[in-house]
Amino acid sequence: MGQTEHTRPATVAAQALGFVDAATGAIVPPVHPSTTYERDADNRLLGGRLYSRADNPSYDQVEAVITALEGGAASAVFASGMGAATAVFLALRPGDHVLVPRVIYWALRGWLFDWAEAWGLRIEEVDMTRPSVVAAAVRPGHTKLIWTETPANPTLAITDIEALAGVARKAGATLAVDSTFATPVHTQPIALGADIVMHSATKYLNGHSDVVAGTLTTRAQDDLWARIKTVRVQGGAVLGPFEAWLLLRGMRTLFARVPAQSRAAQAIAERFAAHPRVAAVLYPGLPGFDGHAVAARQMKGGFGGMMSLRVKGGSQGALAAMGRLRVWKRATSLGGVESLVEHRASVEGPQSTTPPDLLRMSVGLEDPADLIADIEAALG
Ligand SMILES: *Cc1c(COP(=O)(O)O)cnc(C)c1O
């Protein structure tokens with residue numbers, strides 16, 4: 001893989017761990033579309049590879065870069081963030097007890113209660129922002145996984161990874177962190193004690209709104225990790241080789257994109273925190289925000305590019321303001337170079353617990369002055 005020694009994560013990302021193709025000297029890895037691999041006359045695989053549902057050489061470099069950025073032992077790419085997240089739950093066994101946060105990515109919550117429960121997992125929602133509540137909910141011998149998401153989608157609720165790692169260790173459970181919003185630029189959950197880190201790589205890791213992908217990184221190549229890899233091989237939620245290639249390309253600019261997006265988000269949050277038409281700005285970088293102290297401890301160099309605005313006038317007020325935006329694009333998803341806004345309550349439907357006055361904002365790489373002026377005009 002032509003890896004050289006690097007110390008700083010921005011260098012790791014920009015050079016994709018110093019990749020140089022041994023055969024050609026190319027500094028960008030090739031794509032390997034082949035689904036199958038030849039055997040020699042003695043029936044031995046020529047390159048140790050068998051079939052592309054098992055693994056693909058196009059994954060090697062992207063997985064190595066994520067492992068380095070997260071400070072883990074190994075990583076696996078998946079066909080989507082959901083493919084990655086569900087692999088962790090499917091690697092458990094029916095009857096296992098799992099603690100999940102009340103504020104959690106909506107589609108994952110749906111899967112947990114529509115499918116994982118019926119399959120046999122015992123899923124319990126807890127207030128993940130309070131480690132003592134989580135500790136009290138642990139069922140000794142039965143709780144096998146504590147799953148958290150920080151900052152959480154869409155309220156930006158912050159959970160204390162270090163404190164939860166302590167709870168998990170005591171319970172003999174795995175702590176998995178959906179770190180999609182934080183990115184490895186701002187948080188390394190494994191260094192804080194987590195066992196597994198998950199990303200919807202569709203968002204910041206790829207960063208250009210043109211790939212659906214997910215990743216998992218593990219602290220140790222243990223039994224659970226072997227089962228997770230088996231879920232990918234047998235379940236088949238494999239990333240396409242072209243998507244893996246695009247993801248690696250996107251990740252090279254991660255450390256240029258995310259700090260700029262975080263700086264802009266901080267400026268926007270501060271600008272509108274006391275606006276007369278705004279009920280609240282939910283952003284971990286604001287000193288008045290609930291989880292600010294924990295976020296300041298576990299997030300380095302910024303608080304991310306995601307924020308939510310609660311607009312006065314309830315659902316109607318929020319939808320009307322959103323309708324007047326001209327620079328921000330009204331679309332779901334996040335983490336791309338273009339700023340996106342979404343009224344989560346209407347997307348999530350009648351079961352939603354998201355406040356109806358909430359607009360989720362993904363801050364892109366436009367001139368922050370344009371983004372601010374647009375919100376200013378839309379609020380009226
Ligand atoms: C988007 C998202 C997911 C799901 O990822 P997909 O790539 O859409 O499958 C999971 N968690 C968070 C926090 C997300 O924003």
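Visitor: What makes the space in this structure count as a cavity, and how many cavities of 30 Å³ or more are there?

Guide: This is a predicted model, and the structure holds one cavity of 30 Å³ or more. A cavity is a set of points where a 1.4 Å probe fits but cannot get out. The largest cavity has about 50 Å³ of space.

Visitor: Which residues line the largest cavity?

Guide: The lining is made by Leu309, Val311, Ala321, Met322, Leu325, Leu359, Met361, Ile375, Ala378 and Leu379. At least two residues each come from strand S9 (306-311), helix H12 (314-324), strand S12 (358-362) and helix H14 (368-379). H14 gives the most, with three residues.

Visitor: How do you know what class the lining of the largest cavity belongs to?

Guide: Ala, Val, Leu, Ile and Met are among those that count as nonpolar. The lining divides into ten nonpolar, no polar and no charged residues.

Visitor: Why is helix H3 called largely enclosed?

Guide: Eight of the ten residues of H3 (residues 81-90) are buried, so the helix is largely enclosed by the rest of the structure. The buried ones are Gly81, Gly83, Ala84, Ala85, Thr86, Ala87, Val88 and Phe89.

Visitor: What surrounds the ligand?

Guide: There are 15 residues around the ligand, and the closest are Met82, Asp178, Ser200, Thr202 and Lys203. H3 and strand S6 (196-200) each supply at least two residues of this shell. By class, the shell has six nonpolar, six polar and three charged residues.

Visitor: Why is Arg232 called buried?

Guide: Buried means under 20% relative accessible area. Arg232 has 2% relative accessibility, so Arg232 counts as buried. Arg232 is found in helix H8 (residues 223-235), and a polar contact of 3.0 Å joins its side chain to that of Glu63.

Visitor: Why is Thr183 called buried, and why is Ser209 called partly exposed?

Guide: Thr183 has a relative accessible area of 1%, which is set against the limit of under 20% for buried; therefore Thr183 is buried. For Ser209 the value is 46%. Exposed means over 50%, and partly exposed is in between, so Ser209 is partly exposed.

Visitor: What is there to say about phi in Thr183 and Ser209?

Guide: Phi of Thr183 is near 65 degrees, a positive value in a residue other than glycine. Thr183 has its place in helix H7 (residues 183-186). Ser209 is not a glycine either, yet has a positive phi of about 55 degrees; Ser209 lies in the loop between S6 and strand S7 (214-218).

Note on methods: Residues are numbered from 1 along each chain as its sequence is written. This is a predicted model: local features need pLDDT of at least 70, side-chain atom pairs count only at pLDDT 80 or more; totals for chains, interfaces and linings use all residues. Side-chain values use heavy atoms; hydrogens and water are left out. Buried means under 20% relative accessible area, exposed over 50%, partly exposed in between (1.4 Å probe, protein chains only). Helices (H or I, at least four residues) and strands (E, at least two) are DSSP runs, numbered from the N terminus. A residue is near a molecule or strand if one of its heavy atoms lies within 4 Å of it. On a 1 Å grid over the protein atoms alone, a cavity is a set of points where a 1.4 Å probe fits but cannot get out, and a pocket is an open set with protein on both sides within 12 Å along at least five of seven lines; lining residues have an atom within 4 Å of a point. Grid points are joined across faces, edges and corners, and a volume is the space filled by probe spheres set on the points. A polar contact is a pair of N or O atoms within 3.5 Å; within protein, one must be able to donate a hydrogen and the other to accept it, and residues adjacent in sequence count only if both atoms are side-chain atoms.
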